[in-house]
Amino acid sequence: MADILSPQARSQRMRCIRQRDTRPEIALRHGLHRLGLRYRLHVSGLPGHPDVVFPKHGVALFVHGCFWHGHSCRAGRAPTSNVAFWTEKLAANVRRDRRKADQLRALGWKVLTVWECQLGCAEKLSRTVARVARRILEDTPRSR
């Protein structure tokens, strides 16, 4: 299917897609904060600039959009037009994500990834918040 927008209009729309403080990210942060977990946002000194960092627990958390980071859910499907471009673009994103997570692990961080589709409705959100909180708290705290 051909794009119904002009290149300028498509470019404008793509610029409107937020990279940080997205609705799923904010919803997850609020849920974790309500459970008493304190964090820092977008720490620039760490590889990949994790969305949420829990220094006390040594955890770096990424909230990934299913489309942009190649998740295997329905929302993560690649477009059917300009297949070569999108295949390479999304594969490069996945490679970068893996590389940054490996770098964080090498520095001693525990890396967690939450997908946008896991935060959809209130029920999914509450289950995901509980699961992430358990994963953050399962190891003994450490000093940073």
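## A tour of the salt bridges

Start by selecting Glu25 and Arg29: both sit in helix H2 (residues 23-34), four residues apart, which is about one turn of the helix. Keep in mind that you are looking at a predicted model. Now show the two side chains. Glu25 and Arg29 form a salt bridge, and their closest N and O atoms are 2.8 Å apart.

Is Glu25 buried or exposed? Glu25 has 1% relative accessibility, so it counts as buried, since the cut-off for that label is under 20%. Arg29 is buried too, at 10% relative accessible area.

For the second stop, select Glu88 and Arg95. Their side chains meet in a salt bridge, with 2.8 Å from N to O. Leave the surface on here: Glu88 is partly exposed, with a relative accessible area of 45%, and Arg95 is partly exposed as well, at 42%.

Colour the chain by secondary structure and you will find Lys110 in strand E4 (residues 110-115) and Glu138 in the segment after helix H4 (122-137), so the pair ties together parts that are 28 residues apart in sequence. Lys110 is buried, with a relative accessible area of 16%.

What links Lys110, Arg135 and Glu138? The three residues are joined in a network of salt bridges.

Conventions
Residues are numbered from 1 along each chain as its sequence is written. This is a predicted model: local features need pLDDT of at least 70, side-chain atom pairs count only at pLDDT 80 or more; totals for chains, interfaces and linings use all residues. Side-chain values use heavy atoms; hydrogens and water are left out. A salt bridge is a side-chain nitrogen of Lys or Arg within 4 Å of a carboxyl oxygen of Asp or Glu. Helices (H or I, at least four residues) and strands (E, at least two) are DSSP runs, numbered from the N terminus. Buried means under 20% relative accessible area, exposed over 50%, partly exposed in between (1.4 Å probe, protein chains only).
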